[in-house]
Amino acid sequence: MSSVTIQNVTKSFGNTVVLENFDAVFQNGEFVTLLGPSGCGKTTMLRIIAGFEKPTSGCVKFDERVVSSDKVFIPPEKRDIGMVFQSYAVWPHMTVFDNVAYPLRIKKMDKDAIQKKVDRVLAMVHLTQYAQRIPSQLSGGQQQRVALARALVAEPALLLLDEPLSNLDAKLRESMRFEIKEIQREYGITVLYVTHDQTEAMAMSDRIVVINRGVIQQIGVPREIYSHPANPFVADFVGKIEFLDGEVKAGCIELDGCGQRLPYEGDKKGRVIVGVRPEHVKYAPVGQGTLSGTIKSHFYLGDVNDCRVDLGGGKELRVIADPYDSMDVEAGKQVSLTVREFLVYDEQGPGNDFRKILT
């Protein structure tokens with residue numbers, strides 16, 4: 001196992017700054033996800049950790065060993081890492097066994113040791129029966145397992161995964177999430193995982209690093225990231241949420257445009273942004289809710305009813321409710337809503353660094 005310390009790493013390509021003052025510590029045996037939109041710098045950070053890119057400034061350490069700095073650069077093959085890419089990157093002319101055995105043969109390991117290690121890791125990823133097949137005879141999910149087995153077979157101190165499931169269909173992606181997590185637990189290995197899929201991040205991670213435009217927005221466990229997002233960007237990127245502008249007045253927030261209010265006893269004053277997640281809104285008996293509106297659209301999705309409610313003045317809330325609690329909901333119907341929980345942020349702030357005030 002290996003811990004990873006990133007100290008004040010900045011990476012620029014010409015005049016474009018891709019990562020800025022990146023500071024983080026990933027502990028031994030931890031599963032950490034770098035989460036953010038395309039182009040935010042998460043893959044660049046992974047490539048810096050792997051040794052495929054050099055930081056413009058800053059330092060990367062594995063345990064206490066410096067692997068990248070202004071004076072030191074250890075090449076990828078000497079960093080004791082395994083890496084799985086978005087494209088499977090398996091050799092098409094080799095059998096599954098030979099693909100997985102390749103890193104051990106490069107190390108000139110003896111034949112019996114190679115057989116034992118490859119057999120073990122193929123069993124771990126449920127590919128034992130496919131050992132003599134070539135990649136073209138495998139499904140996409142099986143090929144991705146081959147790539148994972150090849151990365152694991154040399155028992156690296158650190159495993160780096162760069163959007164490894166993005167080319168798989170939805171059901172296979174879901175099953176692979178749990179398989180990867182189980183393998184990580186079995187090996188006790190440190191994993192850094194890159195994705196833009198917040199569901200993957202929530203399901204697999206011990207901690208999540210949310211990145212936007214090369215800057216860390218928040219680091220925390222999944223529950224903290226979801227329930228206490230540091231700013232509107234994090235709140236919007238992780239989960240579903242609607243934002244409403246308003247102004248704090250005596251004991252309430254008056255929402256712009258619709259003339260409706262939310263009760264509020266927090267310490268914020270003046271203009272605010274209110275964030276409401278759809279699962280925190282419930283239908284109430286008419287006239288007894290916190291807010292009222294008209295159902296604008298209604299979608300029955302089997303396990304939930306997903307609705308948009310027009311509050312007036314162009315303001316809307318999304319409501320995702322159990323269909324048994326909302327059987328009579330339909331477009332055009334007047335409804336009352338109870339908001340069980342909401343977020344309040346400063347309206348004015350430095351870029352995306354809005355301060356979270358209250359849950």
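Visitor: At what angle do helix 2 and helix 3 pack?

Guide: This is a predicted model, where local features need pLDDT of at least 70, side-chain atom pairs count only at pLDDT 80 or more, and totals for chains, interfaces and linings use all residues. Residues are numbered from 1 along each chain as its sequence is written, and side-chain values use heavy atoms, with hydrogens and water left out. The axes of helix 2 and helix 3 lie 10 Å apart; axes are lines fitted to C-alpha atoms, for helices over the stretch in contact, and angles run from 0 to 180 degrees between N-to-C directions. The packing angle is about 125°.

Visitor: Which class does that put helix 2 and helix 3 in?

Guide: Angles under 35 degrees count as roughly parallel, over 145 as roughly antiparallel, 65 to 115 as roughly perpendicular and the rest as oblique. The angle here is about 125°. Helix 2 is therefore, relative to helix 3, oblique.

Visitor: Which residues of helix 3 make the contact with helix 2?

Guide: Contact means heavy atoms within 4.5 Å. Helix 2 brings Val96, Phe97, Val100, Ala101, Leu104 and Arg105. Helix 3 answers with Ile114, Gln115, Lys117, Val118, Asp119, Val121 and Leu122.

Visitor: Helix 3 and helix 5 pack too; how far apart are their axes?

Guide: The angle between helix 3 and helix 5 is about 140°, so this pair is oblique. Arg120, Val121 and Met124 of helix 3 meet Ile183, Glu186 and Tyr187 of helix 5. The axes of helix 3 and helix 5 are apart by 11 Å.

Visitor: Is Val121 buried or exposed?

Guide: Val121 sits in helix 3. Apart from residues up to four places away in sequence, Val121 touches Val100, Ala149, Leu152, Val153 and Tyr187. Buried means under 20% relative accessible area, exposed over 50%, partly exposed in between (1.4 Å probe, protein chains only). Val121 has 1% relative accessibility, so Val121 counts as buried.

Visitor: Which residues have the most contacts inside the largest nonpolar core?

Guide: A nonpolar core is a set of buried Ala, Val, Leu, Ile, Met, Phe, Trp, Tyr and Cys residues joined through side-chain atoms within 4.5 Å. In soluble globular proteins, nonpolar side chains tend to be buried together. The largest core here has 37 residues. Those with the most contacts inside this core are Val118 and Leu148.

Visitor: Which element gives the largest share of this core?

Guide: Helices (H or I, at least four residues) and strands (E, at least two) are DSSP runs, numbered from the N terminus. Elements giving two or more residues to the core include helix 2 (96-106), helix 3 (111-124) and strand 7 (158-162). The largest share is 6 residues, and its source is helix 4.

Visitor: What does Val118 touch?

Guide: Val118 is one of the residues with the most contacts inside the core. Residues up to four places away in sequence are not counted. The list is Phe97, Val100, Ala101, Leu104 and Val153.

Visitor: Which residue stands opposite Tyr300?

Guide: Strand 16 (residues 291-300) and strand 17 (residues 305-312) run antiparallel, joined by 6 bridges. The residue opposite Tyr300 is in strand 17. It is Asn305.

Visitor: How many residues of strand 9 are buried?

Guide: Strand 9 (residues 207-212) runs parallel to strand 3 (residues 31-35), with 4 bridges. Strand 9 also pairs with strand 10 (residues 215-220), antiparallel, over 5 bridges. Strand 9 is mostly covered, and of its 6 residues the buried ones number 5.

Visitor: Which residue takes a positive phi in the hairpin of strand 9 and strand 10?

Guide: The hairpin has 2 residues between the strands. The positive phi is near 50°. The residue is Arg213.

How values were computed. Two strands pair if DSSP finds at least two bridges between them.
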